[in-house]
Amino acid sequence: MTNLSGKTALVTGASRGIGRASALALARAGAQVLVHYSSSPGQAESVVADIREFGGRAEALKADMAAVDGAHQLARQVEAIVGSRLDVLVANAGISNYAAIENTSIEDFDRLFAVNVRAPFFLVQQLLPILGEGSSVIFLSSLAAHAAVGTLSAYAATKGAIDTLVKHFATELGPRGIRVNAVAPGVVETDMSSFAKTEQGRAATLGLQALKRVAGPDDIAGAIAFLASDAARWVTGDTLRVDGGSKL
Amino acid sequence: MTKLTDKTALVTGASRGIGAAIAKRLAADGARVAITYTKGADAAAQVVKEIETAGGKAIAIQADAADAKAVIAAVDKTVKTFGGLDILVNNAGTAIPKPFVEATLEEMDRVIDINLRGVFIATQAALRHLKDGGRVINIGSSVGERNMTPGLAAYSATKGAVKMFTQGLSREVGSRGITVNTVQPGPIDTDLNPVAGDWATPQIANTALKRYGRVEDVAALVAFVASPEASYITGTSLTVDGGTNA
């Protein structure tokens, strides 16, 4: 089993969806989990309560990932709690924008890159002093980075940037013993993704896939917990597709 | 109760190296394990003994991956012995490192027969028995995707072919919940590619983690792919290469 006893973990965007499922999975594996949120304190506190209920350790942290210094502020809060050692960073917080090219505004575009690319980049930078030998960084990529699915070009481009960061971060941080990977979910039923909630979207999702079912957040969290663990100690620089075999 | 309790796995080419580590790991996770070997009867018996000593169940079957009849018989024997089949790990493989211009026809055929034809035969035989929700896990290679090592042109071509076989097959069996994936190791310390060998230095330099991998590192990823937690991962290639291909 995945064992993260004695480890410290930060999951951004952990109040719901894949972040929530990941926070719970890491906590069940024994990690102390810092549950970051940007706008839903009630949902974040409920994740913390769920973790404490089964005897785990968790705390909620608020930071605005769209703000220029949001990652910096979050890193300072994390250091204040865990001190000198963070074992796992799941940079999950992200936003999507389902919009045609004509309908994508500069503000939307900038906000997508701020939250999905700038924040994870500087979060890793700011946490480097407390990441070290054996630490695992996990980014969230997307099926949309590898294949044209949905009308999501600006969002997809942010995830393409993540795949590139994975390779460069892994190579640059490998000598320090820090692993860097991403998981690339396909369509997952969450608050962020309404795609599979319509009849048409559901049919399209299943049409892409080998496994013919729509994923839930737990389908992704298992892969994240694996990458976080020492079982994945030789896995770095990879984007792991967790998409039920979508658009292969 | 561990995560592979009541599952049966067949691991090809498992008398030593990565295959032996996978067999032991799947057994430790609760699976009954059949292993095949070509020549290493003693080594295979030792793997079985280690699994049994740890409280597991295992059998060893002599079957050269290039011998279709023997491979099909090995699948049948596994099913007969353990009452079914849930997990096939196509691990048996060979490399004959040398400049391609010097490779003989026999050497080319041998690499294709074991690394590709052998995977086809074992997989087809296994699919006739594989239970819903089962797993086909092919051991590819990081050079099946990106090859920086001279002397492995033919080998890397077969591993690239396995990667595409994985994709294609996943579409045919997905409705039964069977997943098909490739695990792609980078440089791993084995008899075939020892960390003490002449070839090691450039391979280490190509990794991000600046070391060779261990067979247990590969087995851990295979165990994850075999587990219920990975039931939504299919048709893909998972690297365990220390960042070699990053």
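Mentor: Let's begin with Ala71(A), which counts as buried because 25 C-beta neighbours lie inside 10 Å. The cut-offs are these: a residue is buried if 20 or more other C-beta atoms lie within 10 Å of its own, exposed if 12 or fewer, and partly exposed in between, with C-beta atoms placed from the backbone. Before we go on, keep in mind that this is a predicted model, in which local features need pLDDT of at least 70 and side-chain atom pairs count only at pLDDT 80 or more, while totals for chains, interfaces and linings use all residues. Residues are numbered from 1 along each chain as its sequence is written, and chains are lettered from A and ligands numbered from 1 in the order in which they are written.

Ala71(A) sits in helix H3 (residues 70-82) of chain A. Helices (H or I, at least four residues) and strands (E, at least two) are DSSP runs, numbered from the N terminus. If we set aside neighbours within four places in sequence, Ala71(A) is in contact with Met65(A), Ala119(A), Phe122(A), Leu123(A) and Gln126(A). Here, "in contact" says that the C-beta atoms of two residues, placed from the backbone, lie within 7 Å.

Chain A has 7 helices and 7 strands, and from the N terminus on they run β-α-β-α-β-α-β-α-β-α-β-α-α-β. The radius of gyration of chain A is 17 Å, close to the 18 Å that the globule rule gives for 248 residues, so chain A is as compact as a globular protein of that length. That radius is taken over C-alpha atoms, and the globule rule is 2.2 Å times the number of residues to the power 0.38. Along its principal axes, the C-alpha trace of chain A spans about 45 × 40 × 35 Å. Buried residues make up 57% of the 248 residues in chain A. Of the contacts in chain A with a separation of 6 or more, 72% are between residues 24 or more positions apart.

For contrast, look at Lys212(A), in the loop between helix H6 (199-208) and helix H7 (217-228) of chain A. Lys212(A) is partly exposed, because 15 other C-beta atoms lie within 10 Å. Its phi is near 60°, a positive value in a residue other than glycine.

In all, 30 residues of chain A are in contact with 30 residues of chain B. On the side of chain A that touches chain B, the elements giving two or more residues are helix H5 (153-173), H7 and strand E7 (239-242) of chain A. H7(A) gives the most, with 4 residues. The residues of this side divide into 15 nonpolar, 9 polar and 6 charged. In that division, Ala, Val, Leu, Ile, Met, Phe, Trp, Tyr, Cys and Pro count as nonpolar, Asp, Glu, Lys and Arg as charged, and the others, Gly among them, as polar.
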